[in-house]
Amino acid sequence: MKLVIIDYGAGNIKSIQFAFKRLGVEAVLSNNIDEIKAADKVIFPGVGEASSAMQMLKESGLDKVIPTLTQPVLGICLGMQLMCNSSEEGNTKGLAIFDVAIKKFSENVKVPQMGWNVIYNLKSDLFKGIKEKEFMYLVHSFYAENCKEAIATTDYEIEYASALQKDNFYGVQFHPEKSSKAGEQILKNFLEL
């Protein structure tokens, strides 16, 4: 299986690569459009700030390519957020794969949300073998509003969509590569989609 992690300069990609290696899959880091298009599965990671990450996607032409991919694509953290319509972070226009806006948590809670929290209302083969209220590791100051494309929910002051799916596109706000056995199971499920 050819697994490509999109390398566009915004990501903690080594830990994702190691997580797949533990599952017996060598993930290739690439920003080559042909290589990404030819992959069986694609990971769209992201750590950092939305507007500068979006700028890097535009400079490499990946902003046009990602929405046209037909194989399973998994956006992680900022990767998922960039797949949405827009983000309040840097007033960023997203890739509009998921029809939802990214909002900033209010001042009433500690931002970023950092650490373990539960996911529930699980609705996808991505969560095969994962129980309701399983703990996942999160680090984020912005969230996807609850919407029809939500396949998992988390509560942090408000209920928000901690995972999204539309057609072949999946997104998770949490870091499966840092979420112990359950996170590893989600990556394994993604490989089997």
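I'll start with K131, which forms a salt bridge with E134, the closest N and O atoms being 3.2 Å apart. By salt bridge I mean a side-chain nitrogen of Lys or Arg within 4 Å of a carboxyl oxygen of Asp or Glu. K131 is exposed at 55% relative accessibility, while E134 is buried at 17%. The cut-offs are under 20% relative accessible area for buried, over 50% for exposed, and partly exposed in between, with a 1.4 Å probe and protein chains only.

Some housekeeping. This is a predicted model, where local features need pLDDT of at least 70 and side-chain atom pairs count only at pLDDT 80 or more, whereas totals for chains, interfaces and linings use all residues. Residues are numbered from 1 along each chain as its sequence is written, and side-chain values use heavy atoms, with hydrogens and water left out.

In total, the structure holds 9 salt bridges. One of them joins E88 and K103, with the closest N and O atoms 3.7 Å apart. E88 sits in the loop between β5 (84-87) and β6 (92-93), and K103 in strand β7 (residues 98-104), so this pair ties together parts that are 15 residues apart in sequence. Strands here are DSSP runs of E, at least two residues, numbered from the N terminus. E88 is partly exposed, at 44% relative accessible area, and K103 is partly exposed too, at 25%.

Next, K148 and E149: their side chains meet in a salt bridge at 3.9 Å, N to O. K148 is exposed, with 70% relative accessibility, but E149 is buried, with 8%.

Last, a network of salt bridges links R22, K181 and E184.

How values were computed: Helix = DSSP H or I, 4+ residues; strand = E, 2+ residues; numbered from the N terminus.
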